[in-house]
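Please look over the sequence and structure below with the strand pairing in mind.

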Amino acid sequence: MKPRFANVWVNLALPGTLTYKVPEELCEEAKPGFRVLVPLGGNKLVTGVIHSVFSTPPEHATGLKTIHEIPDEFPVFQPYQWPLFEWMLSYYLCRPGDLLTAALPAGLKPSSEQVFVRKPHAQPVEESLSDKAYILWEAFQIQEKLSLKEIQSILNQKRVQPLLKTFLDQGLISMQVEVKNQYKPKTVKMIRLRSEMHDPDRLRKVMDELTKAPKQLEVLMQFLSLSDAFSPNPLPVNSQRLSSSVSNGAPAIKALIEKEILVSEESTVARMATFGSSKGELFQLSDAQQKALKEINLGIEAQLPVLFHGVTGSGKTAIYFELIAKAIAAGKQVWYLIPEIALTTQLIDRVAERFPGEVTVYHSHLSEAERAEVFLQCLGNKEKQPSIVLGPRSALFLPLERPGLILVDEAHDPGFKQQDPAPRYHGVHVALWLAKHLEIPILLGSATPSLESWHLASKGNYHKVTLTERFGEVQLPQIQIVDLSRTPEEHEDKQFSPELLEKITQCLQQKKQTIIFQNRRGFSQMLKCLDCREVPQCAHCDISLTFHKSSRELRCHYCGYSIQVPEKCPSCQSQRLLRIGLGTEKVEEQLNHYFPKASVERLDLDTTRKKNAFKEIIGRFACGETDILTGTQMVSKGLDFERLHLVGVLQADTLLYFPDFRAQERAFQLLLQVSGRAGRRHNRGLVLIQTYSPGHSVIQAVAEDNLEDFYQRELAERQQYVYPPFCRLIYLDLKHKDPHRLEKAALRLKKNLETYTGWRVLGPEAPGPERLRNLFQLRIILKIPVQTPFAPLRQFLKQHLEHITAEKSPPRITVNVDPN
């Protein structure tokens, strides 16, 4: 029986699916997983994906709208992805539209827009036109068709509907709805030789005739050379390349086409460059690596997730490559997940060198068209499908046809957790679910595993493999703790200790490199008046503004609000303004002051906003052009430099004292990771950690490289106070512009939760600043015993939150399951 109705997930944050009629002519194509264009609201068309089809009319079938179009000949999701999506909907309490937004690239979500068209021969009474109407009519005279956005831009105002209604009523224009297909394959003009010209005698005759047109003859000769025209398989030549190879060659190419000697054709080409062209040298695994690989395979045979704990510089990547090679040889595809986009810069070159032409990248820094192209490539011909997909958590939504392995590098990193917008999923948890569902191996690699994964391994849920020595018998770096409280009084700079300055000097003399780690960007944390103690605040958030010297701005790192740095205190007009705190911008300035002959660069969010900026900065450091690199935690992850000898941590204390139960774990991981950048190739590296708390348990654990004892202490404390992995957490964040209405709603929600669950519900409290982006915020924390069935609670939360949001002027509520 032909399907007559379809449940559709649309690309909007709606609570469920929408039902549409399937027109007779689309019954054969209407199948789950196919993209559709469906009407929503007035004349608007939006993208959706068919979730299910059926023939029995649903209740209230009267008035159902009809699917407008099915643009593809294939489904955009694999069958195994639907169970994943259903699980994510239930577990993370998100909406179908949230998942569709995350899973489908923007370039594959076309929508409609209103356009207004000038009617032929229409003519207004110009004397009756207002100034704005006259400007708009002049625009229609120049361009017959204008979109709503173009009209708003022309008139420099958002509210243009009254004027457009006047034009429509007077019959001057008509309104149409057009679909914007955001993704289009990239095409280029390619030139080939007309088939008759492959006859040598005919071609010789043509060339003789062209002696009177020397430029055309020159272009033809160049074309024959570039295309290898006399080989068994001559190649077409890019028109732009041919034109640029001969001075003023474009007119000659046109003439040769008109003379039917050459042929111009549109050819589809890839936007993404092929990574790697020739296979690099294979490295022989060390005995320790071979042993670790053997143990990993035992875990895979036991069908358990593998937790691979390898110290920094131990050669985990080389072992990953062996697992990838095995999967590819079996005809399978690999997800290679990393926590941050920046890590692709160095890693893609290494992967492509080992597996040339078999890897692609997928992340949000690609253009919309590039992301759509990679997505469709995974659905295309088997020969064109990538064997390896390298990317952050979003790469898990790519519809791989033959998945056979999931590798998660730096699996401890909080970057795998999506914060905003929904779905607020954890990439590692989704990867684990996928691996179990598909029955494929998964490996979680890290030098500093998360406490949760360490605990699960100790219980036998994971198969743990440990690699404790660096590749090439290189020693782990020497870690020295510098007690800032003992800095001599005559040493004025409390940020750079005498020990650190001395070691940087020695590195420069020995032509070695240094990384200086400071986990705060900007120049100074705040500006403070010494007379009235006023600190400039963000206009939209309850937070002080950070001073950025390069742009002479005070900037909010939450909402982006900024003002120019005042010359005087806005409150008391005093000129005694003090910059307090230390950011990477100030560190860079101080390094240039202390070492004027050294090349210093900064790596943080502010210096890497432009495309390829991260790659360029890292590239200069890798080839030795940069002597000292300072930065935030960007410098701590996955980077490998041959000449790097010294790592300096300026303010380790800023990592220790956060109101978060994971603060100690995060500090330990970050300090050990950044320390692991030093001395990875030949000579033993050196790490200097500056602190006012040298006896702190985290500092001591890092200095002694004592991971096991530290984890045991942390797990004991977590168990005592009932925090993960000994419970589950859900954060309920409520936001509203009215603090009193917000508090009232939060207290009511807390009471209902306590009544339903019988558990202790924490909060409501402000999670950091009380106000962000003009909205006051409160957080309620649910601690759920590990053995408690999760499904009934999720259902209660879903129903209760829907009830609250249906009230008049409700607070915004976000649900964060397993916050990180």
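I516 stands opposite G648 in β27, where strands are DSSP runs (E, at least two residues; helices are H or I, at least four), numbered from the N terminus. The model is predicted, so that local features need pLDDT of at least 70 and side-chain atom pairs count only at pLDDT 80 or more, while totals for chains, interfaces and linings use all residues. Residues are numbered from 1 along each chain as its sequence is written, and side-chain values use heavy atoms, leaving out hydrogens and water.

**Parallel sheet**

- Strand β19 (residues 513-517) runs parallel to β27 (residues 644-649), and 5 bridges join the two; strands count as paired if DSSP finds at least two bridges between them.
- Helix α17 (residues 584-594) packs on this sheet and touches β19, β25 and β26 (628-631), its direction making about 170° with that of β25; contact means heavy atoms within 4.5 Å, and angles run from 0 to 180 degrees between N-to-C directions of lines fitted to C-alpha atoms, for helices over the stretch in contact.
- Helix α20 (residues 697-704) also packs on the sheet, touching β18 and β28 (686-691), and its direction makes about 150° with that of β18.
- The sheet is open, with 6 strands in the order β18-β28-β27-β19-β26-β25 and parallel pairing.
- Because β18 (478-483) and β25 (600-603) stand at the edges with a single partner strand each, one side of each is left without a neighbour in the sheet.

**Antiparallel sheet**

- An open sheet of 3 strands has antiparallel pairing in the order β6-β5-β7.
- Strand β5 (residues 111-118) pairs with β7 over 8 bridges in the antiparallel sense, and S111 has K180 as its bridge partner in β7.
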